[in-house]
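Please look through the structure below, and then work through the questions and answers that follow.

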There are 2 protein chains.
Amino acid sequence: MNKVRIAILGLGNVGRGVWKILNTNKEEILKRSGYDIEVAKILVRDASKDRGIQVPEGVVTTNPDEIFNDNTIKIVVELMGGINPAQEYILKAIRGKKHVVTANKALISTNGEALTAEAREHGVALYYEASVAGGIPIIHGINESLTANKIEKIVGIINGTTNYILTKMTYEGVGFDEALKEAQAKGFAEADPTSDIEAYDAMYKLGILASLSFGTQVDVNNIYREGISNISKTDIQYAKELGYAIKLLAVGKDENNKLELRVHPALIPSSHPLSNVNDVYNAIFIKGNAVGDLMLYGKGAGELPTGSAVVSDIISVLRNASDYAETANYSGGYWDKKVMDMKDTFTRYYIRISVKDIPGVLGRITTIFGENEVSLSSVIQKEKKEGLVQIVLLTHDTHEGNINNAIEKIEELNSVEKIENIIRVEEF
Amino acid sequence: MNKVRIAILGLGNVGRGVWKILNTNKEEILKRSGYDIEVAKILVRDASKDRGIQVPEGVVTTNPDEIFNDNTIKIVVELMGGINPAQEYILKAIRGKKHVVTANKALISTNGEALTAEAREHGVALYYEASVAGGIPIIHGINESLTANKIEKIVGIINGTTNYILTKMTYEGVGFDEALKEAQAKGFAEADPTSDIEAYDAMYKLGILASLSFGTQVDVNNIYREGISNISKTDIQYAKELGYAIKLLAVGKDENNKLELRVHPALIPSSHPLSNVNDVYNAIFIKGNAVGDLMLYGKGAGELPTGSAVVSDIISVLRNASDYAETANYSGGYWDKKVMDMKDTFTRYYIRISVKDIPGVLGRITTIFGENEVSLSSVIQKEKKEGLVQIVLLTHDTHEGNINNAIEKIEELNSVEKIENIIRVEEF
């Protein structure tokens, strides 16, 4: 029986999941990879910390040299996250002819193309299925199973934390702050939740998905990003009345080689399968010009689902290890495509406005929309609360520039107290 | 630029789709495969038939030798279906060192292991993503992305024809015969619909999915098979009232290395995502011990979706062609697992009985169920129609053997006119 020694960098949530799977599913992994996998070293910052798993003496180390200077270690599994020192370690591994499996979305989204080129040059594998949507095989899907397609559109719910919060707000009617606190208590949100709530996490993931789908290296700085902290239960309630659910969406579209890239909360029709993706589940909807509509749904986070992607990648490395065929595939460098300015994007909008209870105010508002070429599909005027009336509008498809111009004018009206929210609507 | 010559066997629906994709997405395919693909030959039975596409002079042929004796043809794409001569041609290709891509479910489900061994021996690829669920990347998913898992359960809607018919019956209230006629008129069902309606098609596909998921070569003759011709709109209506949809399901379960393998109509809870998979869409739900719940959804048939899987497989062959790494992977031969007898399966049942309007009949029926250890979760008694009363029962989980014993006794009751239907209920 073949034996292989591997090292894991980082022993947090995912590292622990990988350890558990390698032990629990030993027999399956042996059959499918042809190898008995030994975790030779695990790099941590603090070796004394209890992580709730039994690791043999001598495996846990704080010294990276024990890994990079050991030629018997053939695969490095990077699960530290962040750019550095993760990048430095991955490059050391590649240059030392070690295969790499990583779950690092920040690194792959910003540097996936260069790292892949480096891996190819040194004849080693670089796999990163776990970097997007946990256990859902979306990277393999795009990189291998949909290669016959021109992918036109990719729309994903790819952040579990915000989806958990929005689900709570939708089904239990709690506010954002309370839902966030509960997410933190259950371990679904971090103490500093900024990366999830403000959609940096989803932005990195969209960077990877869009690069691979559209065959161009997307600069994540060109992705429009808006978090969910501005979503109130009032908006969720109105959306429901109108037949929509509110989700944090990552949207990528390729229209004649011009890309639309945006991450923001959006209303989606209750009839669309994405609207029923709840709690910490993720789902990615893809439209290809051959395959048509496709959706992948599953657990986007958690030690075992993400560990499933990492360990499956390790098995792929081992199957291909004899000859390194196509082991480092990153299809993000084929074409040069421009990203559309947000003001040129063309979509529908939900707009909620608080106005004073003065005759004619609705007329004035709808007139301004008309003057700016924004046509309205529905208008709800609600009874007043604390002296103010709520006006909720849904527009037809329109350019964002027109919306901005109209809103600027509406804000100047004396009768308008506040533009409470503007949320995009995604139709399919 | 590299050039490669390929041959296609069969120019039906899928063959036409492959031809269209190779032409429409030429640039994408070139970038992703590194090859300019030339369709050198297409084998057909009748060269004079108009197939609605423009193929250059000399490409269409009725002589297989023009393909197998031509050493410049490197890949053979088998899209004829059926066991022979497809099998003979695939073996000729493999032995002649040509890579093979096939969409042949009957062949792979019955002979996948042997053909894979043959391909490995000759150092060529054998890919068959298109053999199950059209454009949905379920084969790659199981074979490559879920290898870290012990797969416990796979439940699929994998026949588009029956799903179209059941969707029509559910949402338009038409009967089976009318729905079938409409499916035939739209090209979703064949003139002889037996293979779809009686679930042979789904049985072959489950054979492949179960073999790969559970790592054992499943004999399709051991799969319990029941078609949908017995489903009436009355059953669909009662199911709806009880909170269920009726779908043709392919179910595979691995419980401590004992397999449950069955294809039959089933009630599934309306809250489960599979219940909303309608028309010709397919979906496959998988539960792995690491990844948890996963679902893949998309178009399970049609020239372009199935063509997408075929052409993506061709691209995979070309990427790996330099060294043939792991190009023939069929994980069905790892373990020897037994298939459970249907009478030992343990599930819930929907039972509809027509009885005479005689006092005490419901009591007699429920007593018999109790005596046979079948406990009931709901009982509906409906007003009489044509002198008969409808009794609809839902059982709790029970062994099929107990159901059979109870039904035998109930059929003997004078007051019972007819056991109208017995349909399994799948809970998740």
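Q: How many residues of chain A are in contact with chain B?
A: This is a predicted model, in which local features need pLDDT of at least 70 and side-chain atom pairs count only at pLDDT 80 or more, while totals for chains, interfaces and linings use all residues. Residues are numbered from 1 along each chain as its sequence is written, and chains are lettered from A and ligands numbered from 1 in the order in which they are written. Two residues are in contact if their C-beta atoms, placed from the backbone, lie within 7 Å. By that rule, chain B contributes 50 residues to the contact, and the number from chain A is 50.

Q: Which element gives the most to the side of chain A that touches chain B?
A: Helices (H or I, at least four residues) and strands (E, at least two) are DSSP runs, numbered from the N terminus. The elements of chain A that give two or more residues to this side are α2 (26-33), α6 (138-145), β12 (292-299) and α12 (303-320). With 10 residues, the element that gives the most is α12(A).

Q: Which residue of chain B is the bridge partner of A:Leu296?
A: Two strands pair if DSSP finds at least two bridges between them. Here β12(A) and strand β12 (residues 292-299) of chain B run antiparallel and are joined by five bridges. In β12(B), the partner of A:Leu296 is B:Leu296.

Q: Which strands are the edge strands of the open sheet of six strands in chain B?
A: The strands of this sheet follow the order β3-β2-β1-β4-β5-β6, with parallel pairing. Within it, β1 (residues 2-9) and β2 (residues 35-43) of chain B pair over eight bridges. An edge strand pairs on one side only, and in chain B these strands are β3 (60-61) and β6 (126-127).
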